[in-house]
Amino acid sequence: MIESERAALTELWQQRWPACPPLGHLLRGPYRDVWVRFHSLPESKRYAEDEAEYATVLGRYNAVLDELFAGGEVYVITPAFTASPDVPSHQSGADHWQTLVVQEDFDPEFRSYAHLFVVRRAWQHGCLDGLLREVADDQVAGVLVTDLQLLRLHHPYDGGADVFLPTTEERDRLRERHAGWLSRYPGGL
């Protein structure tokens, strides 16, 4: 990724989601009005224990991802969290986009960093199954999948996915289509 592409992506993020850096776990606070959370397994079970449950997890992830991105291209953003500002190597062929300080401290020894890597790809059902399975097993965290305009965000986590949409109405329609995947807890968590 050349510097002008990095800058353009950063500027677009700041236009679309100005209240928050591109870290999925922080988005829910300022963007609650366009947020919905879906659980990956029935009865809010967190982790799959067999292949049938993994099929359910991947089926739910892909059903929502298909609705958001079918026929288009996506950015897949994956962070590498470190205690150093030095950009680590990344295995997925993704390009370094930016580095964020995620824990500020006056003493540099206690700072932590999120190095964000991005790859652009055509969306196809199942194309991220390997990564999504790692997310479901809590081996990878902080993934964001978004359209190229950064209008729709899918943040999978171990146990489900947070989805952010351009409008409350679009969020409500998606929530209604997958009402059986919602949390029973107040507040949607």
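By class, the residues lining the second largest pocket of this predicted model comprise 8 nonpolar, 1 polar and 3 charged. The space inside this second largest pocket comes to about 220 Å³. Readers who would like to find the pocket in the structure can look for Met-1, Glu-5, Ala-8, Leu-9 and Leu-12, together with Tyr-75, Gly-93, Ala-94, Asp-95, Val-118, Val-119 and Arg-120, which line it. Helix α1 (3-16) and strand β4 (112-122) each supply at least two residues of that lining, and α1 gives the most, with 4 residues.

The largest pocket holds about 310 Å³ of space. Its lining is made up of 19 residues, and Arg-37, Arg-46, His-155, Tyr-157 and Asp-158 are the ones nearest the centre. Sorted by class, the lining of the largest pocket has 7 nonpolar, 6 polar and 6 charged residues. Two strands, β1 (35-39) and β6 (153-157), each bring at least two residues to the lining of this pocket. The biggest share comes from β6, with 3 residues.

From the pockets, the description now turns to the packing inside the protein. In soluble globular proteins, nonpolar side chains tend to be buried together. The largest nonpolar core here has 27 residues, and Tyr-61, Val-163 and Leu-174 are those that touch the most other members. At least two residues of this core come from each of β1, α3, β2 (73-82), α4 (129-136) and β7. Helix α3 is the top contributor to this core, with 8 residues. A separate core lies apart from the largest one; this other core has 22 residues, among them Trp-17, Tyr-31, Val-34 and Leu-148.

Leaving aside residues up to four places away in sequence, Val-163 touches Val-34, Trp-35, Val-36, Phe-38, Val-64, Leu-68, Leu-153, His-154 and Leu-174.

Leu-174 leads on to helix α5 (residues 168-177), where Glu-170, Arg-171 and Leu-174 are buried. These three residues lie on the same side of α5, because they cover an arc of only 100 degrees around the axis. What do the buried residues of α5 pack against? Their packing partners are β1, α3 (51-69) and β7 (160-164).

Notes:
Residues numbered from 1 in each chain as written. Predicted model: local features only at pLDDT ≥ 70, side-chain atom pairs only at ≥ 80, totals over all residues. Heavy atoms only, no water. 1 Å grid on protein atoms, 1.4 Å probe; cavity = no way out; pocket = protein on both sides within 12 Å on 5 of 7 lines; lining within 4 Å. Points joined across faces, edges and corners; volume = space filled by probe spheres on them. Nonpolar A, V, L, I, M, F, W, Y, C, P; charged D, E, K, R; others polar. Buried < 20%, exposed > 50% of the residue type's maximum accessible area, 1.4 Å probe, protein only. Arc of directions from axis to C-beta. Contact = heavy atoms within 4.5 Å. Core = buried A, V, L, I, M, F, W, Y, C linked by side-chain atoms within 4.5 Å.
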